[in-house]
Amino acid sequence: MDVRRAGERYPGGEAGTGIESRHAFSFGAHYDPDNLRFGALIACNEERLVPGAGFDEHPHSHTEIVTWVVEGELTHRDTAGHETKVRPGDLQRLSSAGGVRHVERNDGDRPLTFLQMWLAPREPGGDPAYEIVRGIADSTPYAVPEAGAMLHVRRLGAGERTAVPDGRYVHVHVVRGEVRLDGEALGPGDAARITDAEGVDAVAVTPAELLVWEMA
């Protein structure tokens with residue numbers, strides 16, 4: 001198990017435009033050849049946008065992009081005609097496939113924090129696709145078959161325990177709260193990369209929310 005602390009992420013964004021980013025993997029101007037991906041996961045970015053800030057229209061291709069809002073409200077628009085407000089508890093996926101452009105903004109009146117996770121598809125190309133799941137439940141894993149991955153959302157009360165899926169690659173990200181993962185203390189923004197996971201449990205020290213990727 002490889003634990004990565006929130007404070008170890010590479011800082012990015014543009015403070016002058018109200019965007020603060022923290023990158024868990026090699027990204028953009030920050031190139032780390034030893035931290036390019038884990039399983040299918042190639043990015044796990046925490047984005048903080050002040051009201052009125054946002055990313056202007058920009059392109060993506062050959063990437064599965066999954067977004068999870070922590071607080072606030074995210075406005076998404078893309079060149080395939082989708083315009084959506086994404087709120088805490090909603091899960092958004094944009095399959096950029098052969099190519100799509102989109103805009104991401106904080107059009108609300110309070111700060112926005114969201115996680116954006118990029119996965120490499122098994123096969124490049126195809127047609128872009130979009131999906132949003134409102135109020136995703138803990139008991140319903142979200143499949144991204146194009147990347148051979150499954151996302152589990154786990155919300156725990158203090159003292160509650162949950163089993164981490166067994167798998168070749170498992171990535172656990174603490175959205176909020178504090179947990180002990182296989183005896184290791186993790187707090188908000190901390191993550192663990194587990195190879196050949198088997199019999200690993202997470203125990204909530206405080207009420208907590210986890211995003212767990214199970215990858216082939």
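Residues are numbered from 1 along each chain as its sequence is written, and side-chain values use heavy atoms, without hydrogens or water. Because the model is predicted, local features need pLDDT of at least 70 and side-chain atom pairs count only at pLDDT 80 or more, while totals for chains, interfaces and linings use all residues.

**Largest pocket**

The largest pocket holds about 360 Å³ of space. A pocket is an open set of points on a 1 Å grid over the protein atoms alone, where a 1.4 Å probe fits, with protein on both sides within 12 Å along at least five of seven lines. Its volume is the space filled by probe spheres set on the points, which are joined across faces, edges and corners. The lining has 20 residues, and S21, H23, F27, E47 and F55 lie nearest the centre. Lining residues have an atom within 4 Å of a point. Strand 2 (10–14), strand 3 (19–23), strand 4 (41–49), strand 5 (54–60) and strand 11 (112–119) each give two or more residues to this lining. Strands are DSSP runs (E, at least two residues), numbered from the N terminus. Six lining residues are nonpolar, 10 polar and four charged. Here Ala, Val, Leu, Ile, Met, Phe, Trp, Tyr, Cys and Pro count as nonpolar, Asp, Glu, Lys and Arg as charged, and the others, Gly among them, as polar.

**C44**

C44 sits in strand 4. C44 is buried, at 2% relative accessible area. Buried means under 20%, exposed over 50%, partly exposed in between (1.4 Å probe, protein chains only). Leaving out residues up to four places away in sequence, C44 touches R22, H23, A24, F25, Q116, M117, H171 and H173. Contact means heavy atoms within 4.5 Å.

**Salt bridges**

The model has 16 salt bridges, each a side-chain nitrogen of Lys or Arg within 4 Å of a carboxyl oxygen of Asp or Glu.

| Pair | N to O distance |
|---|---|
| R5 and D190 | 2.9 Å |
| R155 and E209 | 3.6 Å |
| R161 and D201 | 3.4 Å |

R161 is in strand 15 (residues 161–163) and D201 in strand 20 (residues 201–204), 40 residues apart. R161 is exposed at 57% relative accessibility, whereas D201 is partly exposed at 27%. Shared partners join D138, R155, R176 and E209 into one salt-bridge network. Within it, R155 is partly exposed at 32%, and E209 is buried at 8%.

Technical notes: Helices (H or I, at least four residues) and strands (E, at least two) are DSSP runs, numbered from the N terminus.
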